[in-house]
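Thanks, everyone. Please look at the model first.

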Amino acid sequence: MTIEAPPVGVGLQRTLGVPQIVFMVVAVAAPLTVFAGLIPLMLGTGNGIGTPVDFLVVGAVLVLFTVGYSAMTPEVRSAGAFYSYVQRGLGTTAGLGAAALALVTYSVLMIAVTAYLGAAAATVVENVTGVVIPWWVLSAAGLVLIGVLGYRNVEVSARVLGVLLVAEIGIVAVIDLAILVRGGADGLSAEPLSWSAFTSGAVGTGIMFAVFGFVGFEATAVFRSEAKDPDRTIPRATYIAVIVIAAVYAVSSWAMIIGLGVDRAPALAAADPEGLAPGLATRYVSHVAHDVVQVLLVTSFFACILTAHNVVSRYLFALGRQEAVPRRLGAVHPVHRSPHTASVVTSVVIGTLVALTAVAGLHPVTEVYAWFGGAGTLGLVALLTLTSAAVVVHFRRRRTTSPWRGTVAPALAMVALGAILVLVVSNFELLVGSRALANVFLGVIGGSFVIGLIWAVVLRRRRPDVYAAFE
C-alpha cells in the first residue's frame, strides 16, 4: 500500500497538557531503574556518599539550561527539539548535524534499555515460574507492544506511562520512607549532603553517571506538535521534569546511604550493586516489596523505551515534514493522528539492531546496556552543550528576552556542560569497559554529527529549496 504524505494543514492531534508531557519525559529517566541500578553504581565507583550532591549539581546545571531552552521555545516552531534549536541559533548545517546526532543518541539508548528490559523480565519469569527464557525473546515481545502503542495516538502512550510512572515512584517512595521512619542503619545523617562528601572519591565519575540519570528531560519539545498550548506547556513541563528528577534522585540516594549506613554504603554498593535495592526493600519493608521492585523494574524499562520510541519517531516525523528525509516519514495516520510511518521505521530499525547484539552473543546488562548506555550519555551531553551555545548566539542576534534568560543563564549552562562533556570523554573508558570500545563508540557518536553535516551540504547542493526552507 502506498502511504501518501499528509496534505498541508493536517497535523498531529493536540491532546497533551503539562502532566502528560512530564509523565512522558520522567518515564525516560526511569526513576526505579536509577534507584536500583545507577545509584548503587555511583556509590561503588563514583564519589561514594557524595552521590546525592551529584544529582543536585547536575540538576542545577540543567535548570540553567532550561532557562535559555524555555526562552527560545516560542521562537522554534518545529517539533524537532534539539536540532530545531541548534538550527535556529547556529544555522541549518549545524542543525542537521545535531539531528543526526540526536537520532543516533536516542537509538543507542533504546538499544541499551531494550536489552536490560529483556534481562530483567527473564529474571522475573524465572523466579516466578522456574522457566528460563532467553532475554532477547522478551526484549522482542516488549518492542512489539511498544510498536503498537507508538503507532497509535500519543495520548494512549501517555496514559500507560502515567500508570507505570506512578507505580515505580510509589515503590521508591515507600522504601525511602520506611528507611527514614526506622532511622536507617545508624540513624539519620546530613553527611551525604556535605561538600566534603561530594569532593571525596571520583567526582568526575559521579557527575558523569548523574547526567545519565537525567536522560530524556529535554524531550519535552519533541511533543510540541501534540501539546495543547506549546509555548506555555513545553517550558513548564521542562522545569517540572528537571526539578522532579533531581529531587527524587537526591532524596532516594540519600535514603539508600542512610539505609546501608554512611560508613558502609560505598563498600556494600561495590560488592553487590545489583542486589542493593531489592535487599533494602526486603530489610526495611517486606519480601513482597522485594518482588514488587523486581516487577516494576521491568515496567520501568518498558516505560523508558516507549518514550524514547516516541521521541525518535517524532524526530523522523519532523524531518519528514521538512523533507530532509523521505516525505512519507512525515505522514499522519488518518484515524490515530499519529506519526505512524516514522513509528514503524523506528520499531524495525531498533528491533534489527537489538537482534544483532543478541546474535553477537553480547551480555544484555554488562555489555549492551553498559556500552550503548555510555554512548547515549556522551551524545546527550554533546547535544545539551550545542543547544546552549545555539541559545546564546540566537539571543545575541535577536534581543527578544532578558539578558539573564537569553545570555547569562545559557552561557553558564554551556560552560558547565562543556566541563561535564570533558569529564565524560575522559572517563569514557570506565563507562564502557575498555579503551578500544571507548574509541569505537566515540567514533560512532562523533561520526553521526559529521554525517549530519555532510547530509546538510548534500541537501544544500541537490535540493536547495528544501535546505532554504530550514532557514
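Among contacts in the chain with a separation of 6 or more, 83% join residues 24 or more positions apart. Keep in mind that this is a predicted model. The chain has 19 helices and zero strands. Of its 471 residues, 58% are buried.

Now the first pair. Helix α2, residues 31–45, and helix α13, residues 287–321, have axes that come within 8 Å and cross at roughly 120°. That angle is why α2 counts as oblique to α13. The crossing is left-handed. Which residues meet here? From α2 there are Leu32, Thr33 and Ala36, and they meet Val293, Leu296, Leu297, Ser300 and Phe301 of α13. By type, this contact of α2 with α13 has six nonpolar residues, two polar and no charged.

The second pair is helix α5, residues 92–129, with helix α14, residues 340–359; they pack at an angle of about 55°, their axes 10 Å apart. So α5 and α14 are oblique to each other as well. Here α5 passes α14 in a right-handed crossing. On the α5 side the contact is made by Ser107, Met110, Ile111 and Thr114, and on the α14 side by Thr346, Ile350, Leu353, Val354 and Thr357. How do the residues of this contact divide by type? Five are nonpolar, four are polar and none is charged.

To put the two side by side: the α2 and α13 crossing is left-handed, whereas α5 passes α14 in a right-handed one. That is the end of my part.

Methods: Residues numbered from 1 in each chain as written. Predicted model: local features only at pLDDT ≥ 70, side-chain atom pairs only at ≥ 80, totals over all residues. Heavy atoms only, no water. Axes fitted to C-alpha atoms, helices over the stretch in contact; angles between N-to-C directions. Helix = DSSP H or I, 4+ residues; strand = E, 2+ residues; numbered from the N terminus. Parallel < 35°, antiparallel > 145°, perpendicular 65-115°, else oblique. Left-handed = near helix turned anticlockwise from the far one by under 90°. Contact = heavy atoms within 4.5 Å. Nonpolar A, V, L, I, M, F, W, Y, C, P; charged D, E, K, R; others polar. Buried < 20%, exposed > 50% of the residue type's maximum accessible area, 1.4 Å probe, protein only.
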